[in-house]
Amino acid sequence: MLLLHPDCSIKDEGERFIIEDRVIKLTYTGESATLCRQALPLLPSARDIDDIVGGTSYSMASLKQLVAGLESEGLALDLSHVEELDDNLLIEKIRTASRFWNQHIMGQVFPSRLFEGHATRPEVLGWGIEFYFFIRAANEYMARGVARDDAPTEVLAEVWKHYVEESGHEEIFLTGLLGCGLRRQEIVDRMPLPSTMALTNFLYEKACSTIFDYLSVFALMQPLATPPSRSDISQRYDALRSWYPFASPLFNAFEQHDTIDADLAHAKLAIAPAIIWRSPASKHERLAIFQTIRETAEHFILFFEGIPRYYKNERFLNYRQRPTAINASFVS
Amino acid sequence: MFRFDGIPGPQAAEIIRHINSGSTVEQISNAVQADRTIVDAFIRSLIDQGLATEAEPEVYTGAQFTATLRSFYDQWNDQLFSHSLWQSLSLGTASRSIVDGWLIETYHFIRGANARLPYAIAHTADPRVRNIFAHHYREEYDHYGFFAEALVRRQISPEHVEQLGPLVGTRAVINWTRRCARTDSLAYAACSGLLESTGTDSARARAFYRTVATNFDADQTNFIDPLMKHIDLDEGFEHGNVMADIFNPIPQLSAQRANMIVQMTYQFVETLMQWFSDIEIHYFRFPHQSKRTVRIYRSNPAD
């Protein structure tokens, strides 16, 4: 499978062939432009790189060079022949795929607005509330995911520990939300949005499946090879606090949580020990890992979409009626 | 729409929140730091207008709860079928790609009965309810075939559709019902009852399909014919009565459990609305293409 990044656009300007997204713009000329012109339209229907090379007048080496260049800039993802990758290359490819799909999530309208300082107060605090539900759901999906003994202790010990370290973290976010003036009962008893439930239910279903399925979702959540430094973390939240001063206690909570995760080395790829244990993982298992990473990204996109759709005003932020057998007819 | 004067909006919202948590007037007055007479007058006016009641039962009989659900189903179905997806299908304003998308995702959803009904059977402890679910499943498990046939008639390969997998919104619907099934089999029964409640009006369903055929089958593929056959079959099974068959014999249902079931069913309504929006957003921008190997969800290219 070979994908061009969903958020990049291509422009054929005769002499020049341009591929760009919001971060980078690559301009090809001469033979390279001709290769792009021939190869890129074939990508959507290609199963892998072999399907493309036959449709061009160029060699496999030229095509691989083009694709490798695009992949290194995050503009393509080449999953051709993943069954031939050794364990280390497979782990590196998982990181590449995770960064690729993470970039797609962050390129969506609401995350872009949110992390560029253009979200409204109900959206920012609503995101905090729904994120709290997501963190709280670790006690469902992570608990279910680690409830297994189908691998050696050396593989599962880290998985069990990961859940223990995450369990209870919802209190950090709850404290942050309370600091912003929201009421405890209004948060903890609130119905999560359907988009949040879609994400947490998906994570639960993956947790019920194979160890690869369960651990693949964390690859997307923690795509960095090295944990961010404390100064990287502060810088990120200093910016958010300056844009959204009303939510400073919430961002303090995020910062605290990110620092704990960084100190616990949660940026380590949780799936790596399982890959080494199962070595060599089958082609089917490998493709399933990449499919789960993509599907996890899709669910995070829906999660983010739900926030501006619902948190349009202070009223929804302060009150979401829970239907009962008596009052459901008043709820809309 | 009701308008109340003499009380600030946020304070009124706060009072309503406390009403729903079962607090007394005195407790509410203290909690919202408002004069008791104002709080009392506001609550009285809510009761007078039929917007609140002091008489929440502690228990419901199964028959009472069946009637409650049925009344909610009517309102929720109005809400569901007023969604722009259904309106555009009825009015003939939907694009061809949306019609394809609706059919594709409905195929996944109907096929998904195999991911939810047996799951509910396996998670149900009460043998009576379990047998009803099992009977329902035996009559339902292969209905995806009607939608596969409709896809084929519309020149869409069901194998390719399966390769791409369901849209996130479709998967969310299936996963929500599975959540209900493992939480409380009666919550599953209430959600399933909502789905089947639309099937009780076969004449309306047939009229809808005829409209869709008129508006969207210029090529005369007759893709609606298998869907009509599906209605004929469902009509014979009377699945619209399954919810009542499950709830009616229950002697007592606590208000707490009844409320939880209603809440989960309402969340199912929200999940269905989300599904309809997802179909519209996705297929408007990304018409189904028979050669595409991977679905691209929410492409957002740079200008």
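# A tour of the cavity and the interface

The lining of the largest cavity is made up of seven nonpolar, five polar and three charged residues. Here Ala, Val, Leu, Ile, Met, Phe, Trp, Tyr, Cys and Pro count as nonpolar, Asp, Glu, Lys and Arg as charged, and the others, Gly among them, as polar. The structure is a predicted model, in which local features need pLDDT of at least 70 and side-chain atom pairs count only at pLDDT 80 or more, while totals for chains, interfaces and linings use all residues. Residues are numbered from 1 along each chain as its sequence is written, chains are lettered from A and ligands numbered from 1 in the order in which they are written, and side-chain values use heavy atoms, with hydrogens and water left out.

**Stop 1: the cavity.** Select B:Leu164, B:His282, B:Tyr283, B:His288 and B:Arg295, which lie nearest the centre of the largest cavity, out of 15 lining residues. A cavity is a set of points on a 1 Å grid over the protein atoms alone where a 1.4 Å probe fits but cannot get out, and lining residues have an atom within 4 Å of a point. The volume is about 140 Å³, meaning the space filled by probe spheres set on the points, with grid points joined across faces, edges and corners. One cavity of 30 Å³ or more is found in the whole structure.

Next, colour helices H6 (96–111), H10 (158–164) and H16 (255–285) of chain B, each of which supplies at least two lining residues. H6(B) gives the most, three residues. Helices (H or I, at least four residues) and strands (E, at least two) are DSSP runs, numbered from the N terminus.

**Stop 2: where the chains meet.** Show both chains: 55 residues of chain A are in contact (heavy atoms within 4.5 Å) with 49 residues of chain B. Together the chains bury about 4,500 Å², 53% of it on carbon and sulfur atoms; buried area is the accessible area (1.4 Å probe) that two parts lose on being put together, summed over both. Select A:Glu205, A:Ala325 and A:Ile326, which lose the most area in chain A to chain B.

**Stop 3: salt bridges.** Which residue of chain A does the side chain of B:Arg179 meet in a salt bridge? The partner is A:Glu140, at 2.8 Å, N to O. A salt bridge is a side-chain nitrogen of Lys or Arg within 4 Å of a carboxyl oxygen of Asp or Glu. Eight are counted between chain A and chain B.

Last, select A:Glu71 and A:Lys93, whose side chains form a salt bridge (3.0 Å, N to O). A:Glu71 is in helix H3 (residues 60–72) and A:Lys93 in helix H4 (residues 87–106) of chain A, 22 residues apart.

How values were computed. 1 Å grid on protein atoms, 1.4 Å probe; cavity = no way out; pocket = protein on both sides within 12 Å on 5 of 7 lines; lining within 4 Å.
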